[in-house]
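Please walk me through this structure.

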Amino acid sequence: MRSIGGATHRSSHPLGRRSILAGIGAGAVASLAGCARGDSTAVKPGTTSLANDNATWDQGYLTAGRELKKLTGYALRPLSNPNPTSYRQVTQISLQTTKATDMIKWASGYFLKSLARTGELSDLSSIWADCERKGWVTPQTRESMSYRGSVYGIPLYESYYVLFYNTALFRKHGLKAPDTWDELLHNAEVLKKAGVVPFVATQTGNWPAYEWFQELVSKVDPEFYAELISGKAKYTDPQARKALQIWQDFMDKGWMTPADFDQNNGPAALKTGKVGMFLHGSWQSQGIAATGMKPGVDFDAFVMPPVERSARRSVITESGVLAVPRKAVSHEAAMANAAHWLDPRVQRVWTDFLQDASANPLSRPGNPVMAGLKDRALKERWTLLPRYGESGPPNLIQGNTDDLGSFMTGAMSPRATLRSMAGRASKEWAAWERDEA
């Protein structure tokens, strides 16, 4: 699963300026780094170390690293720390020392901005410009990788938020992937009558509570969603109220799993037909395939259609980043690998491992489900919207995610939830701007 930025843990407080971490020495790094899986950050000729928080991806990094070595002379050496809290601490502290790993996996958006404003990340703007010239990256993703106009991250992957479904279950009940909102509602009604829970929805693990929020708000009005996550619109505006009313209606009809549903059981529930549709990042393809279901044969996916036919089609996207610490042990090698990470030859083996898509529009996913979605998104020029979890000051996102979890359990009404979120937004955006002054 994806981790930094909210995908497997509660968000941490945002980093302050460089002085917050000043004075923390290498000894702290050594003690914390003992939790990491892999070798030390010491130089190993022909490799660049990559700190990350997901050991299940080690094989993917090694495979992609072999392709990188053909291009740059340097393979990847993953240093995995599966404890999210420890990983954040190790990374934030090590940036202040001469023991920084060569590359780090981090989250995009405001998590990256929080780290970049310490001054301890390398400016990758020239690398980004070169990737744009080659067509390896889309200009609209630059903002989520930037801080104060400079780029500090290269996209690690690009996932869409989709609704997975069991193709045999849909055929059994005469259903198809919906292209309109009315068709989506029809599918839910048919499945419910057949004794199948239409949708997976949960707040277990905290971060999943915002999945349905981002999805429904963006499908009510994608332009409003973009304004909301940039602090220019209010959570109490009509579009947000409409989204939560739809959500409340779905729950009242019994169309959603209980709020304490374990999302890790989603793939199995989809395979057995206990649930009809599973809203999640497209990276979940790997987990569903692990149950024995074949993408494009046993399961497929679609992007939720807009509530109003006239609304522009949009899709929530997620991308982690590769960043290079300013004090990386093998800085030159790390910069070379960052510059070639989006090369189609590297992306081909990487996305085949992930069973997901690449941020490089020229790299076609091997997974037929994702290939079809990417083709349609490019052809129809869907609006790409960033995931909510990285789209605001971390304290704002964490507090609002907690509120959404309370809404899902029935502890807060739609109106009370949005009022609370609006009050927090006013406070946290003001605090962020003060820190930036």
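How are H2 and H13 oriented to each other: roughly parallel or roughly perpendicular? They are roughly perpendicular, a term for angles of 65 to 115 degrees. The model is predicted, so local features need pLDDT of at least 70, side-chain atom pairs count only at pLDDT 80 or more, and totals for chains, interfaces and linings use all residues. Residues are numbered from 1 along each chain as its sequence is written, and side-chain values use heavy atoms, without hydrogens and water.

Helix H2 spans residues 58-72, and helix H13 spans residues 331-340. Their angle is about 105 degrees, and their axes lie 10 Å apart. Axes are lines fitted to C-alpha atoms over the stretch in contact, and angles run from 0 to 180 degrees between N-to-C directions. Helices are DSSP runs (H or I) of at least four residues, strands (E) of at least two, numbered from the N terminus.

Leu68, Leu71 and Thr72 of H2 meet Ala336, Asn337 and His340 of H13. Contact means heavy atoms within 4.5 Å.

Now turn to a loop. Thr180 sits between helix H6 (167-172) and helix H7 (181-193). Thr180 is buried, at 13% relative accessibility (buried is under 20%, exposed over 50%, partly exposed in between, with a 1.4 Å probe and protein chains only). Beyond residues up to four places away in sequence, Thr180 touches Pro305 and Arg309.

Another loop, between strand E10 (299-302) and strand E11 (314-318), holds Arg312. Arg312 is partly exposed, at 45% relative accessible area. Arg312 and Val220 are 92 residues apart in sequence, yet 9.8 Å apart in space, C-alpha to C-alpha.

How values were computed. Angles under 35 degrees count as roughly parallel, over 145 as roughly antiparallel, 65 to 115 as roughly perpendicular and the rest as oblique.
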